[in-house]
Amino acid sequence: MSDLSHYRNIGIFAHVDAGKTTTTERILKLTGKIHKTGEVHDGESTTDFMEQEAERGITIQSAAVSCFWKDHRFNVIDTPGHVDFTVEVYRSLKVLDGGIGVFCGSGGVEPQSETNWRYANESEVARIIFVNKLDRMGADFYRVVGQVKKVLAANPLVMTLPIGIEDDFVGVVDVLTKQAYVWDDTGLPENYKIEDVPADMVDKVNEYHEMLVETAVEQDDDLMMAYMDGEEPSIEDLKRCIRKGTRDMSFFPTYCGSAFKNKGMQLVLDAVVDYLPSPTEVDPQPLTDEEGVETGEVATVSVDEPLRALAFKIMDDRFGALTFVRIYSGKLNKGDTILNSFTGKTERVGRMVEMQADDRNELSSAQAGDIIAIVGMKNVQTGHTLCDPKHPCTLEAMVFPEPVISISVAPKDKGGSEKMGIAIGKMVAEDPSFRVETDEDSGETILRGMGELHLDIKVDILKRTYGVDLEVGQPQVAYRETITQAIEDSYTHKKQSGGSGQFGKIDYRIRPGEPGSGFKFTSTVVGGNVPKEFFPAIEKGFKGMMENGVLAGFPVLDVEVELYDGGFHAVDSSAIAFEIAAKGAFRQSIPKAGPQLIEPIMKVDVFTPEDHVGDVIGDLNRRRGMIKDQEAGVTGVRVKADVPLSEMFGYIGSLRTMTSGRGQFSMEFSHYMPCPNNVAEKVIAETKERNAKK
C-alpha cells in the first residue's frame with residue numbers, strides 16, 4: 001500500500017503563453033520521467049500531444065502525468081490557458097488537491113489567469129505561485145507580486161527573490177534559508193551552486209525574510225508569542241506554519257525563475273512537497289442526493305472506506321475510450337464491478353492504466369488518492385460518480401458553462417454522415433462545453449461551443465482525426481429573449497367533447513426576473529381554487545414554452561410566473577388540462593409583456609503596444625464596446641471592455657492588422673444585455689427568413 005501522505009495531486013494553470021507546458025516539461029525532466037526536454041515552440045512537448053496543440057503551440061486538453069520527487073508521487077495535470085477551453089481547467093481543479101499558478105514575469109496577471117484563479121478559489125484548491133520567464137525583456141518580479149495582490153486580491157508570500165533580471169537573470173535567493181542558488185550558462189537544471197546572498201541584496205533579503213516569518217507565525221499562537229518575545233522560530237516550525245497557511249489559503253508561497261532556462265525549478269518542486277496538501281489533508285468531497293443537494297455526508301479519503309471515484313474527463317484515442325478517474329476512497333482492482341450512480345448501471349473494469357501524457361502503464365490495482373484512466377467504459381460521462389455497488393453514493397457533480405456560439409456543419413459527401421455522427425458523439429462525451437443538436441426543420445447539424453477558436457479546433461479534429469470533410473456555415477450568436485413589463489392575466493382551457501371534458505382556469509402574474517435567474521414559478525393560491533396537485537403541471541407547461549420565444553423563437557430567460565387564483569372542475573380538471581392552460585397562457589401573455597431580444601456580452605481583454613491604444617479603443621467603440629479599464633504595463637497596455645459577441649467575429653485578424661501582429665486578446669462570456677432596436681430588428685428578420693427557407 002502506498003502512503004497517501006506522499007501523494008500530491010497538482011495542476012498547473014495560467015494564462016495562455018505564461019509557460020505552463022514548459023514548466024510541466026521541466027518537472028518531468030527533473031523527476032527523471034523524460035530524458036530529452038521537448039519544447040512547445042518546436043511542437044514537441046510531452047503533454048501537448050494532439051496535432052492541433054503542436055501546431056498552434058497551445059494546450060487544448062488537460063494532460064495527466066505521474067512522476068516522483070524526493071519519495072513523493074506527483075500526479076501532474078497540465079491545463080490549457082486559452083479561455084475557450086476553461087472547462088478543462090475547471091474540471092481538472094475539481095479533482096486536484098493543490099496547484100501551481102504560473103504567471104509570466106513580463107505579462108503579469110493576465111485575463112485568463114484571473115478566471116482560473118477564480119475557479120481555483122471556488123474549488124478551494126491550495127496553490128503556490130511561480131513567476132516564470134524572468135529572463136525575458138520587461139520582466140519584473142516585484143510588479144507581478146503587486147498585481148497578484150491588486151488584481152487577484154490574494155496574499156503572495158514571497159519565498160524566493162530573483163538574482164539579476166532579463167538577460168542577467170542567473171538564479172534565485174531562498175528567503176527562508178537565506179541561501180543563493182546560482183546556475184551556470186550551460187542551461188542544465190542540475191548545474192547550480194549554493195552560495196551566500198549577493199552583497200547588494202542582503203538588506204532586501206532580510207526585509208523579505210522578516211515579512212515571511214511574521215506572516216508564517218500568525219498560523220501558530222504559541223510561536224507567535226515566542227517570536228514577539230524575541231525568539232527566532234526554527235526552519236521546521238516555519239515550514240509547518242507555511243504549510244498550514246497554504247492549505248487554509250491564508251497566503252500563497254510565491255517563487256520565481258525561468259522554466260525555459262531551467263532556473264529555479266527545484267525550489268518549486270520542493271515547495272510542492274513541503275507546502276501543498278496530500279489527499280488526506282484536503283476537505284473531503286461532499287456527497288449529494290440524485291437532485292444534487294448535499295446530504296451532509298462526505299467521501300473521506302481512506303483506503304478502508306468503500307470505493308468512491310469521480311470521472312472527470314473522457315478521451316478517445318487509438319486504444320479506445322479512456323475515462324480519467326480520481327479515486328477519493330477505497331480500492332479498485334482490475335476485474336472489479338463498479339456502479340455508475342448516475343445511470344444506475346454497473347460496469348466491469350477491464351483495463352486500468354496510469355497515464356504518462358500519450359503513453360500508459362498497465363495497472364492491476366489503484367487506491368484512494370490516485371488519478372488513473374480506465375479503458376473501455378461504456379456509458380460514463382464527465383461528472384459521473386463511480387462507486388461500490390453495495391454502497392451507492394453520488395459525489396458533488398460538475399456544472400459547465402452554456403455555449404454562446406454555434407455553427408452549422410454538413411458532410412461534403414453522402415457517406416460522411418454516419419462517420420460524422422459517430423465522431424461528434426465521441427467529441428461531445430469528451431468535452432461537456434461542446435454541444436450538438438439537429439435542427440428538426442432543416443436537418444442541419446448545429447455545433448455549439450465557447451468561442452470561435454473552440455469550434456475551429458473541433459472542425460479541425462473532425463477533418464484530421466476522423467477524416468470527415470465538412471462544409472461549415474457562418475457562426476451564429478446564441479441570442480435569447482426576455483420580457484420588460486409585468487402583467488396580470490387569466491386563461492381558461494375548456495374542451496367539451498364526447499366522454500369526459502377538459503377544464504383548467506388559471507389567474508397569474510408574469511414579471512421580468514433578476515438577470516441570470518432563469519425561470520421561477522411561485523404560487524400564492526389560497527382556498528384551494530386550484531388544487532395543489534396541479535401546480536407541477538402548470539409549472540411544466542410554462543417552463544416547456546420557455547424554449548421558444550415569441551420574437552424569433554430563441555429561448556426565453558429571466559421570467560417569474562406567479563399563480564394567484566384560478567378554477568377547476570371536479571370531473572373535467574386534470575394535470576394535462578392545466579398544462580395546456582399554462583402553454584396557452586404563455587402564448588397569450590408574453591407578447592403583451594414587452595418581449596425583448598437580448599444578446600451575449602463578452603468580457604474582452606486586449607493587450608496592445610502603446611502606439612496603437614487609440615486605434616484599438618476606437619475599433620472597440622465601433623463594435624459597440626463599453627471600455628471598462630485601461631492599464632499600462634512595461635511592454636504595452638491592457639484594455640478591458642464589454643463587447644457584444646456578434647461584433648467580435650474575426651476580431652483577431654483586425655487586431656493583428658491594427659497592431660502590426662503584436663496585439664493579443666482573450667474573451668469570455670459575461671452576461672446578457674438588451675439588443676439595440678436596429679440590431680434586434682435585423683436579427684429577427686434574418687432568423688425568420690432562415691426559418692422560412694427551412
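Entry 1, a serine in a strand. I located S406 in strand β25, which spans residues 405–411. I note here that the model is predicted. Is S406 buried or exposed? I found a relative accessible area of 5% for S406; the cut-off for buried is under 20%, so S406 counts as buried. I then listed what S406 touches, leaving out residues up to four places away in sequence: I446, L447, R448, L455, Q474, P475 and Q476. I also looked up R435, which lies 29 residues from S406 in sequence and 9.1 Å from it in space, C-alpha to C-alpha.

I recorded the crossing of α6 past α8 as left-handed. On the α6 side, the contact is formed by L212, V213, A216 and V217, and α8 supplies L238, C241 and I242. Sorted by class, this contact has seven nonpolar residues, no polar ones and no charged ones.

Helix α12 (residues 535–545) and helix α13 (residues 575–589) have axes that come within 7 Å and cross at roughly 40°. I recorded this crossing as right-handed. Among the residues of α12 that meet α13 I noted K540, G541 and F542, and among their counterparts in α13 I noted E579, K583 and R587. By class, I found nine nonpolar, one polar and four charged residues in the contact of α12 with α13.

Which residues of α15 (residues 651–658) are buried? I found Y651, L655 and M658. These three lie on the same side of α15, because they cover an arc of only 65° around the axis. I traced the packing of the buried residues of α15 to β35 (595–608), α14 (613–622) and β38 (664–674). Just after α15, I noted a positive phi of about 50° at S660.

The largest nonpolar core holds 65 residues, of which F74, I100 and I242 touch the most other members. I looked for the helix that gives the most to this core and found α9 (residues 265–275), with eight residues. Apart from this core I found another, of 46 residues, including L462, L470, V616 and A641.

Notes: Residues are numbered from 1 along each chain as its sequence is written. This is a predicted model: local features need pLDDT of at least 70, side-chain atom pairs count only at pLDDT 80 or more; totals for chains, interfaces and linings use all residues. Side-chain values use heavy atoms; hydrogens and water are left out. A crossing is left-handed if the near helix is turned anticlockwise from the far one by less than a right angle, and right-handed if clockwise. Helices (H or I, at least four residues) and strands (E, at least two) are DSSP runs, numbered from the N terminus. Contact means heavy atoms within 4.5 Å. Ala, Val, Leu, Ile, Met, Phe, Trp, Tyr, Cys and Pro count as nonpolar, Asp, Glu, Lys and Arg as charged, and the others, Gly among them, as polar. Buried means under 20% relative accessible area, exposed over 50%, partly exposed in between (1.4 Å probe, protein chains only). The arc is that of the directions from the helix axis to the C-beta atoms. A nonpolar core is a set of buried Ala, Val, Leu, Ile, Met, Phe, Trp, Tyr and Cys residues joined through side-chain atoms within 4.5 Å. Axes are lines fitted to C-alpha atoms, for helices over the stretch in contact, and angles run from 0 to 180 degrees between N-to-C directions.
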